[in-house]
Amino acid sequence: MSESTDWSGTTDRSGTTDTTDRFGTLDRVSTSEILTSAAKRVQRPAAEVRYADELARLRAADDGERPPGWALSLRAARRFILGDDAAGISRKFVGDPSLIDRALVSLATSRGLMLVGEPGTAKSLLSELLAAAVSGDSTLTIQGGAATTEDQIKYSWNYALLVAEGPSNRSLVPAPLLRGMAEGRVVRFEEITRCPLEVQDCLLSPLSDRVLAVPELSGADALVFAREGFNVIATANTRDRGVNEMSAALKRRFNFETVFPIPDFETELGLVEQEATHLLQGSGIALPPNRDVLEVLVTAFRELRDGRTERGDAMERLSSVMSTAEAVSVAHAVGLRGWFLRGDAGSASDIVECLAGTAAKDNAEDLARLRTYLEQHVGRRKGAQWQEFYGARHLLPG
Amino acid sequence: MLPKPLNGLNPLNPMQPAAALEPPATPEMLTIVGVRHHSPACAKLVREAIDRLQPAHVLIEGPADVNPRLGEFLLGHELPIAVFTSARRGLTSQASWSPFCDYSPEWIALREGTRSGAQVRFIDLPAWHPAFATMANRYADAERRYTQAVDGLCRTLGTDNSDTLWDHLAEIDAGDIPAAELSARLNTYFDLIRSAVDGIGEPASGSAAEPSAEPTTETTTEPTTDEVREAYMARWIAAALRDTPDRPVLVVCGGFHRPALLRRVAAFSYREMEDAYWPEIPAPEPDVTAVSYLVPYSFRRLDAFVGYQSGMPSPAYYQRLWELGPRGAASALTGEVVDRLRARNQPVSTADLIAARVTGEGLASVRGHRHPARADLLDGLVSALVGEALDRPLPWTGRGGLTVGTHPAVVEMVAALSGDRTGRLHPDTPLPPLVHDAEAELERHGLDQPQTATLDLTAHVRRDASRLLHRLRVLRVPGYERLSGPDPSVEDSTFTEQWRIAVDPDRLAALIEAGGHGPTVELAARAVLGERVLTGGGLDSAARALFDAVLCGIEDLSGQVLSGLAAAVAADGDVEALGTVLTAVLGLWRHDRLLAAEQSATLGAVVVAAVDRLLWLLELVQTGGGPAPAEPRRIAAVRAVRDAIRYAAAKLGLDAVRATAVMARIAGNAAAPPDLRGAAFGFGWSLGTPPPDAERTIRAAGGAAVLGDWLSGLFALAREQCLEEGPGEEPSQGPDQGPEQLSALAVVDALVAAMTDHDLLVALPALRQAFGYFPPRERETIAGRIARRHGFDDSGRALLRDRIEDPLALARGRELDSHVQAVLEREGLLW
């Protein structure tokens, strides 16, 4: 985790300073101040804070052409996400390099970027990294939900000032979309399909005409034109409500990119190990997770997700989400149990107990599938950890 | 803008600087062009090398055994074509292909080498050699077998897989940079992969450091197939160098082999070079028949997305790249994709096309390409044209092929890149005898033109025609489709067969390849069927092969196949499936005149094996004695055994005594399921061994929960015997009952009458199922007889049709009645 004390000093965000006069004076200062002063105590600092050092170095060494309004060139942004061992840039996203290429090129064109995929495939992380690389700022975020309103997307009013002074730039409270357009930055829209259709559609004119009307204001203030660098990254998961819930008009304005679960076992294992170690350190546990236990865990997750064992036997797949993110959280829980209950690194039998809560949730059918899996497939495997995993099958509730 | 690959490559190679891989003493007349098979960029390099060097010898990685027939290659075929090799040992055969297309480096070497007057030779081992045992395609990428080494390189250069990596390194720049630079770049690439692979497999540079020593590792460890082939190729190179010491020798081989060949040639001592004569071509073992022929090939088969074990994907794209260059190929590809999508009524707007173009160019520039490469174009098209979530990853980002569930637009894109070009052989190309045999036979039967033919199988001539078509079908020659006709595995009464004969571009290739199985259609079909019986997965496929043999009129399958078939039957543990097969085979063996399978020895052997096996399996079926539902297919298996004993015991030498004994044991085994016990009991009775005490046996069959299932078995086998009337009723016309016996039906009637209302409710469903084995007329007879027994002077028909709407409802009502009665009595309310 990189230090971020000199965030405001190292970021020379050319092209954004002159926009702050209109809406942003207050929050621009506050955002960065909050980020700098509290970075250490914050549970999860934003990507541009965590990787401030790498961003600064990339920017310094960046000789590629930058699309207008971008903080980095396309190639530097690519290196920021995919990593570059020689330059000391860490790899932050595991997946096809071509996915990153396509995402960046989409952002540089006049279409928005829509990341879709199963839950837990790191779509939000990817959108955060892309925003941090392109705009140097990933905090302009709209969290979609059933109760999201246009106010939270475009703008709302400071009602005391509105009553006292009438509509004016002073009484206007800009929401992420308005700010992103005015400042030429990337706006993230998380879980867009969880919003009602009518609310989603307020993105239409900002995406196609690149203009947002503020009918309450008059004159030049009534129209906010998007500056260079503005674009939208939306995410949607295919499990809850598909992208079919989006209007065709809005779909047309996005390039779709599907993010898939990690195809390769070794890569996924490595990622789970790395993230679990990190989380355990954060929980004050010095002991790294046991690699053999993790292997069992990741194998089980992959098999339950794909509905096929390593040998190729078909089996029932779980309906719950069995993503890498869930695997990390189970690995974390296993480590916690081992350390605080017994003082070891966690064992395969801990997996069983954690699986019941994390994976099967309260779904009785999934619980039955999990039990079948343990009895039919796990029992046959060789290896101490597998046998322990099998031996603990009675720990499943019910 | 210069791409980065070379700068990227160097830091990759910390363990071994590229220069150290160059052997110290490469003969100066030797040039080895290391290629990727089916790469247009490499084809250009080969053409350039031949023009520049004017070599005396051009040596090509390819099957050395076809060297005497190289003239056949240059007759003027339309590519793609392939050398097809089939090696047959006994009944098993192994097929392999060495494909060539217009832009194959090997093809260019062959064509341009011949044109420049060089001696052209193939120098690799023949395709039937054990070194190729697991390879169906000679020109599959060698490095694909070593994915680890390539994966590391892909990660460093930020590409998805080896195909995009290759485009990045070779294809996109091929037209823009000098040949020397491109070839240095590719050699670095192949050297890196080879050294990484050697580093994993064995200490690599040992032999390079001491050039005088033959690679000594071979004596200690088993040489890999690559090493065996490389040793052989190196001998050809040495011989060529010795033959013309002062003229250039050009070798065209897979880039993966180039470093090893250089090492090996450099390691030859002066003496060895002096003694290097043209290597002999190995001969196959005496019991192996190997044949090689040119066959038409197709882009579909070349494409890695569809087949497995191939080389470069997307042949149609690379064909265009070879002809038109990267820009031309890009626009042709886009046009093709749009045409295909529009033909499927998918809207593709101009705005989409602009977006696709812009995205493609953008991707090319991010990835450092001068021109949009294959994946840039495809990525751009997908971004612009697919507006929804994908269920499967894009095929060109992974290593696998198309999978089920791939987005239809993506499927069209892959198809557009794959192309549908099919090669055509020059008319003078020698063909295997089977092709001539097939053509002559088809002409004789008037089946050589596309048509829908209706064949009356009762006429001998037409039956022969049917057999010919079935043989072609069995040989998987496309274009011969059977629309309808008799099915030997079920009883039916069709006497005609309909076939649709169509023109198929793959027909000739399939015929030539079928020639690997035998010199005539009949012999080849027999070999294929034999192979299917022997290697097939269990009884099911063996049975299907057997029925195909019947349809093909292949009567005398060899003894080996017969024993294999018997083994398949004997290894099967599925009573039901075995019963089905036995029923069908027995039916054919007894009655079939149409297909002339009556009394066939092949079918007889199957009957014998199946009866043996079933007798064994049936005795093993045990459920522990409790109630178990009747299984009609299991009962049918017992009946099939009975029929075999009844009709075929004498001719086939089946042991009826043993069968009866087995069945008697099953009938008396309390642990066997009730239906099986009943069937086993009926088995002996129906074969004419009247049971000593049928009445007692039926009474002992079991309680209400079991009786119906037991009777199902009994009625299925001994229906007629059960219908016979005992003397206890009316004066009988039946021949010989023991005077003291009641008929089976009377016993059942007595049992049912004695049941409580609750028992009846339990027993009724199974009883109804059991009586389902009687045809309606017999049921009527039974009903009448029962009615008379109970003093009704009624016709059975009325009893069956009118009185009882739903017997189960009736039984349920009666049970309720008696329950109410019991409750009333218990509470003392009834007196």
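These are my notebook entries on what I looked up in this structure, which is a predicted model.

**Entry 1**

Taking Ile237(B) as an example, I left aside residues up to four places away in sequence and listed what it touches: Leu30(B), Leu59(B), Val249(B), Val251(B), Leu261(B) and Val265(B).

**Entry 2: strand β2 of chain B**

Next I turned to β2(B), which spans residues 57-63, and asked how many of its residues are buried. Seven of the seven are buried, so the strand is largely enclosed by the rest of the structure. I followed its pairing to β5(B), residues 119-124, and noted five bridges between the two strands, which run parallel; in this pair Pro63(B) stands opposite Asp124(B). Strand β6 of chain B, residues 249-254, is also parallel to β2(B) and is joined to it by four bridges, with Leu250(B) as the bridge partner of Val58(B).

**Entry 3: helix α17 of chain B**

I checked the cover of α17(B), residues 408-418, and found the helix mostly covered, with eight of its 11 residues buried. Among the buried residues are Val410(B), Met413(B), Val414(B) and Leu417(B), but also Glu412(B) and Ser418(B). What do the buried residues of α17(B) pack against? I traced them to three helices of chain B, namely α13 (299-302), α14 (315-343) and α16 (374-385). Just after α17(B) I noted Gly419(B), which takes a positive phi of about 80 degrees.

**Entry 4: a sheet and a helix pair in chain A**

In chain A I looked up an open sheet of five strands, whose order is β2-β5-β8-β1-β9 and whose pairing is parallel. Its edge strands are β2 (141-143) and β9 (254-259), each of which pairs on one side only, and the twist from one strand to the next averages 20 degrees.

I then examined α15(A), residues 291-306, and α16(A), residues 324-342, whose axes come within 10 Å and cross at roughly 145 degrees. The crossing is right-handed. On the α15(A) side the contact is made by Val293(A), Leu294(A), Leu297(A), Val298(A) and Phe301(A), and on the α16(A) side by Ala327(A), Val330(A), Ala331(A) and Val334(A). By class, this contact has nine nonpolar, no polar and no charged residues.

**Entry 5: where the chains meet**

Last, I looked at the contact between the chains, where 28 residues of chain A are in contact with 22 residues of chain B. Which element gives the largest share of the side of chain A that touches chain B? I found that it is α6(A), with eight residues. I sorted this side of chain A by class as well, and it has 12 nonpolar, eight polar and eight charged residues.

Terms used:
Residues numbered from 1 in each chain as written. Chains lettered and ligands numbered in written order. Predicted model: local features only at pLDDT ≥ 70, side-chain atom pairs only at ≥ 80, totals over all residues. Contact = placed C-beta atoms within 7 Å. Axes fitted to C-alpha atoms, helices over the stretch in contact; angles between N-to-C directions. Left-handed = near helix turned anticlockwise from the far one by under 90°. Nonpolar A, V, L, I, M, F, W, Y, C, P; charged D, E, K, R; others polar. Buried ≥ 20, exposed ≤ 12 C-beta atoms within 10 Å, placed from the backbone. Pairing = 2+ DSSP bridges.
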